Amino acid sequence: MNTPATPDQPLSGRVAVVTGASSGIGEATAERLAAMGARVAVLARRAERLDSLVERIGQKGGRALAIAVDVTDVAAVQSAADRVADDFGDADLLVNNAGVMLPAPIEERATDQWQQQVDLNITGLMNVIGVFTPQLVKAAQERGVADLVNMSSIAAQNIFPNFAVYSGTKAFVTHLSRHLRVELGPKKVRVSALEPGIVGTELQNHVTDEGALQWLADSKESGMEWLTPQDIADVVGYLTALPSRVNLQQVTIMPTAQPS
């Protein structure tokens, strides 16, 4: 039997899945949703990081399940979904957070980096959506609401030199989310696209382009305070705990000092 929601734990009784949960936004979001009462399945490739996260959640009285998976492997994602259903029941809250940012001038023809971004940011995202949507729809019919939260970026809207491929993948995420909202909204599945500005995560550690690294360094030297993963996690918690009639379909979250 599901525990009824309370003001302190508004997500009690819900089953959340968070991809890219081994660090950064995904890790913080998993902890936030668990603190709000959800049972949380955390998915990523680094098993040891997931085990540590599950242990921390458990020490705080929450329940979590670690599943090591590469979201670009659709068969592995399906196995993960089956395990979530077996252990926790059908997922009714999915946070698609796995992604990578590898900016470079287009003239460099960094084709391996292009493919890596498309594979993870688009194909991996679609694998997770495709596999978990039946659970979301079923859970929404039974429980009255489900949430699909896709992590996009301000790069989906604005122009950043050398970020063309990354920005293109995030524009896909935002526009896809609008379409999915039309399909799934009538089935009580809320779809939201989150578009953060600069967040201090491991994402920046993957950047190798000197121009992009200098731009990031300049933003810090200018005194700009970057967003934290916890800032984004708080927004995810807020929008998924809203009354079922309310859908924040697109949320842009910016550092106060970031101009665009």
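The model is predicted: local features need pLDDT of at least 70, side-chain atom pairs count only at pLDDT 80 or more, and totals for chains, interfaces and linings use all residues. Residues are numbered from 1 along each chain as its sequence is written, and side-chain values use heavy atoms, with hydrogens and water left out.

**Exercise 1. Find how many cavities of 30 Å³ or more the structure holds, and describe the lining of the largest cavity.**

Step 1. On a 1 Å grid over the protein atoms alone, a cavity is a set of points where a 1.4 Å probe fits but cannot get out; lining residues have an atom within 4 Å of a point. Grid points are joined across faces, edges and corners, and a volume is the space filled by probe spheres set on the points.

Step 2. The search of the whole structure gives two cavities of that size. The largest cavity has about 50 Å³ of space.

Step 3. Its lining includes Leu102, Trp114, Asn162 and Tyr166. Helices and strands are DSSP runs (H or I, at least four residues, for helices; E, at least two, for strands), numbered from the N terminus. The elements that give two or more residues to the lining of the largest cavity are α4 (111-143) and α5 (164-184). The largest share, three residues, is that of α5.

Step 4. Sort the lining by type: Ala, Val, Leu, Ile, Met, Phe, Trp, Tyr, Cys and Pro are nonpolar, Asp, Glu, Lys and Arg are charged, and the others, Gly among them, are polar.

**Exercise 2. State which element gives the largest share of the lining of the second largest cavity.**

Step 1. The second largest cavity has about 40 Å³ of space. Among its lining residues are Thr19, Asn96, Leu120 and Val128.

Step 2. The largest share, four residues, comes from α4. By type, the lining has five nonpolar, four polar and no charged residues.

**Exercise 3. Compare the reach of helix α7 with its expected span, and say what covers its buried residues.**

Step 1. The expected span is 1.5 Å times one less than the number of residues. Helix α7 (residues 229-240) has twelve residues, and 16 Å is expected. From first C-alpha to last, α7 reaches 17 Å, close to that value.

Step 2. Buried means under 20% relative accessible area, exposed over 50%, and partly exposed in between (1.4 Å probe, protein chains only). The buried residues of α7 include Ile232, Val236 and Leu239.

Step 3. Contact means heavy atoms within 4.5 Å. The cover over the buried residues of α7 includes α1 (24-35), β4 (93-96), β5 (146-151), β6 (189-196) and β7 (250-253).

**Exercise 4. Trace the salt bridges of Asp147 with Arg14 and Arg190, and that of Asp92 with Arg143.**

Step 1. A salt bridge is a side-chain nitrogen of Lys or Arg within 4 Å of a carboxyl oxygen of Asp or Glu. The count comes to ten.

Step 2. Asp147 and Arg14 have their closest N and O atoms 2.9 Å apart. Asp147 is in strand β5 and Arg14 in the segment before β1 (15-19), so the pair ties together parts 133 residues apart in sequence. Asp147 is buried at 1% relative accessibility, and Arg14 is buried at 9%.

Step 3. For Asp92 and Arg143, the closest N and O atoms are 2.7 Å apart. Asp92 is buried, at 1%, whereas Arg143 is partly exposed, at 32%.

Step 4. Asp147 also meets Arg190 in a salt bridge (2.8 Å, N to O). Salt bridges that share partners join Arg14, Asp92, Arg143, Asp147 and Arg190 into one network.

How values were computed
1 Å grid on protein atoms, 1.4 Å probe; cavity = no way out; pocket = protein on both sides within 12 Å on 5 of 7 lines; lining within 4 Å.
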